[in-house]
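Here are my notes for you on this model.

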Amino acid sequence: MDTSLDFARNLDSQDPLASFRDEFYSAEPDMIYMDGNSLGRLPLETIDRYDHLLKKEWGDRLIRSWNEKWITWPAAIGDKIAKLVGASEGECLVADSTTINLFKLIMAALDLKPDRRKIVSDVFNFPTDLYVLQSCNHLKGDRYQIALLNSRDGVSIDWDEIESVIDENTAVVSLSHVVFKSGFMYDAKRLTEYAHSKGALVLWDLCHSTGSVPVALNEWGADFAVGCTYKYLNGGPGSPAFLFVRKGLQEKAMPPIWGWYGDSKPFAFDLEYSPAGDVRRFLSGTSSIMSYPAIECGVDKLLEAGIEQLRKKSIALSSYLIDLVDEVLAPYGFKLGTPRDVNLRGSHVSIQHEEGYRINCALINEMNVVPDFREPNNIRLGLAPLYTSFEDVWTTVERIRVIMAEEKYTHFSSTRIGVT
Ligand SMILES: *Cc1c(COP(=O)(O)O)cnc(C)c1O
């Protein structure tokens, strides 16, 4: 293993996606951004799109812009996202947050399986996902058992665990395709087919996969999916999320929120709700139009790069990072918190150290590297294949080495603060 900077630079010189990096805003060349899996960077083109949105669409055209373009955005940008996640036209929408979309779809899923009493998720799922499952159960009179797939090694979920928990009483299986802490990635096709063989519905949370790993919702046979747009999609802080409902379920699944935008004729202002005949029934109220141009720019770039190329580079980046961790950081007590098998991991790598929190503080405050930290001891390094370079990976590892060699983490307290 060649640990030199020249080696990293050579990998960059052969990277077919290298030029995308210059299409993103960057005011601090020395800052290494390793958190594109939490908040993606700002595409330069987005700045121009906002100038247009603010001055022309809102400023000049005012409410006329609704009919001129805005009204189409939730479905039209949903159709672009569909191409990233292997769905068909008319199956995805951009609306609300991931949390709210999860709620809408889980409630609909439970109603489709009225005789079943089990909801399956896993111990790795994002807290909001688990809380939503708990609240759905609560609203339904606490009649479900929420069964969580367990992990033997704290990093991945074994197949026998899946087979022992998903059964004929399972109404819905709700999982993150790539889990937020360890980066473990499910074999989604196999799991979806297995759950279907037991008669259960399957919802995939794609927050950590969309834009970095291939997703094939139709090929998997997935029933429902949600995902956010501010991570690998670069849609900006708090940008609305997307949802997916398989074609065959769209006329049967009922949203729990009957909003006017989900009505078949929103501008008829009827006194009685009649749901739209397609996925649009899962819209609730007026869309957050101010966020859509940024989502579209972000998605366009990913489509231009191509998801196969993105995955190829992501694997190369994470494999290189893991090699460097083994060689340079393992002697300082670091452990890998992510699967070594590339087929079992997404696009971020967690490294664990008992001083993880303080090392993370030193990285941000003294070494100009921005990753994030996930309890209890994970430093999470997000590799966004559109703009993360091999030199970024090398520099990150080198700066962590300096922190350890000079014990810079001792300058910080282990008291947790705010957003980590
Ligand atoms: C980021 C993330 C969320 C965030 O949900 P919001 O409603 O946007 O706050 C949910 N689930 C997973 C798996 C995530 O990674």
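The points below start with the sheet and then go through some of its strands and helices.

1. First, a caution: what you're looking at is a predicted model. Keep that in mind for every point here.

2. Start with the sheet. It is open, has 7 strands, and runs in the order E2-E8-E7-E6-E5-E3-E4, with mixed pairing. At the edges sit E2 (92–94) and E4 (145–149), each pairing on one side only. On average, neighbouring strands are turned by 15° against each other, direction ignored. As a reminder, strands in a sheet pair through backbone hydrogen bonds, either parallel or antiparallel.

3. Now find strand E3 (residues 118–122). Are its residues buried or exposed? The strand is mostly covered, with 5 of its 5 residues buried. Lys118, Val120 and Asp122 point one way, while Ile119 and Ser121 point the other way.

4. Which strands does E3 pair with? E4 is one partner, parallel, over 5 bridges, and here Ile119 sits opposite Ile146. To get from E3 to E4, the chain passes through helix H6 (residues 127–139), making a right-handed β-α-β crossover. E5 also runs parallel to E3, joined by 3 bridges, and Val120 faces Val173 there.

5. Next, look at E6 (residues 201–205) and E7 (residues 224–227): they're parallel, with 3 bridges between them. Asp205 is found opposite Val226 of E7.

6. Finally, two helices. H4 (residues 73–84) packs on the sheet, touching E2 and E8 (242–245), and its direction makes about 125° with that of E2. H8 (residues 188–197) lies across E5 (170–176) and E6, at about 155° to E6.

How values were computed
Residues are numbered from 1 along each chain as its sequence is written. This is a predicted model: local features need pLDDT of at least 70, side-chain atom pairs count only at pLDDT 80 or more; totals for chains, interfaces and linings use all residues. Side-chain values use heavy atoms; hydrogens and water are left out. Two strands pair if DSSP finds at least two bridges between them. Helices (H or I, at least four residues) and strands (E, at least two) are DSSP runs, numbered from the N terminus. Axes are lines fitted to C-alpha atoms, for helices over the stretch in contact, and angles run from 0 to 180 degrees between N-to-C directions. Contact means heavy atoms within 4.5 Å. Buried means under 20% relative accessible area, exposed over 50%, partly exposed in between (1.4 Å probe, protein chains only). A crossover is right-handed if, with the strands pointing away from the viewer, the path from the first strand over the helix to the second runs clockwise.
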